[in-house]
Amino acid sequence: MDKPLNRTYERVMAAIASLNLALVLFDLTYIPLRDFWLLGKVRIPLIQRVIYLPQPLPITRLYDPIKGIQPHRVTQQYINTVNQLRHTITTEGVDAPGTQALLTQLRQQSKTMVDTNPFALANKTGTLEQIKNRMRQRVFGNRDASSKESFERFWSSEYINAQDWRSNLNWFEKHIIPLIATNYWRAYGEDGDFLNRFGVLDLPFNLLFFVEFLGRTFWLSRQCRGCRWRDAMLWRWYDGLLFFPFWWLAPTWAWLRVIPVMIRLDQAGLICLDTLERQLSQGLVGAIATDISEVVVLQVLTQLQKAIRRGQFSQWLPRASDLQVNSVNSVNSRANDIDELGELAALVVQVILCRVVPQLRPEVEALVAYSVDQVLRQAPPYRRLLESPTLAALPLQWRQSLAKEISDRLFLLLEQASKNQDNPPREGALLVSQLAQKFGQTLSAELQEEQVGKVIQDLLVLWLEELKINFVRQTHLEGIETVLEETRTLQERLAQNILEP
């Protein structure tokens, strides 16, 4: 088990790890969120509103060099030309030769921007389409017009005149210039990927956590008896994610540092992961428990089917010579000398004769009465009594009385046999015992007949196959979530001291 260090030290290292994780996440999301860091606005899609958030620092100016981002020559020159046009119109006027030259230059730059699409490198082709749609809507009032003609007309002397130039330039600088400003050019490195200098920022953290990892694991190896330094490193394997050079080998996987950061925050007592750990473990169990249970149960049933097909069913049946009824209660038998199947069969015979048959007393009496009547009908005197109207009732009374007497004697013998199993049997109980033994021997012998065994074998194989199908179907219908829910309920009850020990 890992032993915690000083709580203050744990919290300091957890704070540094959290800072490093925040820096990693910022780097991973910088390119997708660069427009926000540049313009400071967020568009809410549902209500189509734009919220402006003030930027305390020029984030893009500070972080663009880390990602190798530079202003794109084409779009930056376009913005500079628009700024120069405003200055020239303000100082020299709309009709000045310098103003006309700048308008001509803007018309040519607009055509070049539409034809060459300088937004493609930054994956901002959609931004160029948004610019063209706004220009079409502004100049022609619809989005079906030509974008080149829209720029051509907008940067003409007729459109930028003495009366409308200020409002038109203000609109362009408010709605078009911010979109153009989001474009950029990004340098490539010698490995063929985009240049990324994030390692300059991450390397100090890597060195710190590497040294801390060596020191912590060495301390653990000295604190825990029988633990080598290598074993301690395996205990703290997740700390390796803090100094692994993701920025060099796998930049997109750097978010994995969230694992050691969360563990360190939990060890420092800043957060509690007990609930999350319990849910994750139960989720893992739920993901694999169904497959494991199916594989185990189906494997057992399949092996049982194979054993039956190989003819081992007859070997499982007890032999007739091994069926001794009184061996169940023998105190001299040892556990390794007991024939379990033989004892089980003998016990079943005893249950049938001593427990089941007595509950069938009315049916047995009726059967005995019928048998006595059939036997007596074969005697001529008995038939003559039946033919006499005055004496016909006598045979019926004799038959019932005789049947009752026989049944009483039979059940009395069964009762005596069940009560005197530990004592020397009397003559009647001995007969019942011999009957039970003979019954078990005969049943076992008949079951071992080839034809009967083959039928039983086929039935058992079919029954096991149906059992496998029903098990899989029922498992998928109910799902392992039911078992997990019962487990969680029991754990909650245990936590609340509801269950008695």
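My entries go from the whole protein down to single residues.

**Entry 1: the overall picture.** I noted that this is a predicted model. I counted 23 helices and four strands in the protein. Of its 501 residues, 31% are buried. I also looked up the contacts: taking those with a separation of 6 or more, 65% are between residues 24 or more positions apart.

**Entry 2: the surface.** I got an accessible surface of about 32,100 Å² for the protein, and carbon and sulfur atoms hold 59% of that.

**Entry 3: a nonpolar patch.** Which residues make the nonpolar surface patch of about 830 Å²? I wrote down L25, W237, W253, W255, V258, I259, M262, L270 and I271. Helix α14, residues 258-267, gives the most to this patch, with three residues.

**Entry 4: W253.** I picked one of the patch residues, W253, and asked where it sits. W253 is in the loop between α13 (246-249) and α14.

**Entry 5: cysteines.** How many disulfides does the structure hold? I found zero. A reminder to myself: a disulfide is a covalent bond between the sulfur atoms of two cysteines. Then I checked two cysteines for cover. Is C227 buried or exposed? C227 has 11% relative accessibility, which is under the 20% cut-off, so I put it down as buried. C272 has a relative accessible area of 56%, over the 50% cut-off, so C272 goes down as exposed.

Conventions: Residues numbered from 1 in each chain as written. Predicted model: local features only at pLDDT ≥ 70, side-chain atom pairs only at ≥ 80, totals over all residues. Heavy atoms only, no water. Disulfide = S-S within 2.5 Å. Buried < 20%, exposed > 50% of the residue type's maximum accessible area, 1.4 Å probe, protein only. Patch = residues over 30% accessible without salt bridge, like charges linked within 9 Å, V, L, I, M, F, W, Y side chains within 5 Å. Areas by Shrake-Rupley, 256 points an atom, 1.4 Å probe, with all protein chains shown as cover. Salt bridge = Lys/Arg side-chain N within 4 Å of Asp/Glu carboxyl O. Helix = DSSP H or I, 4+ residues; strand = E, 2+ residues; numbered from the N terminus. Contact = heavy atoms within 4.5 Å.
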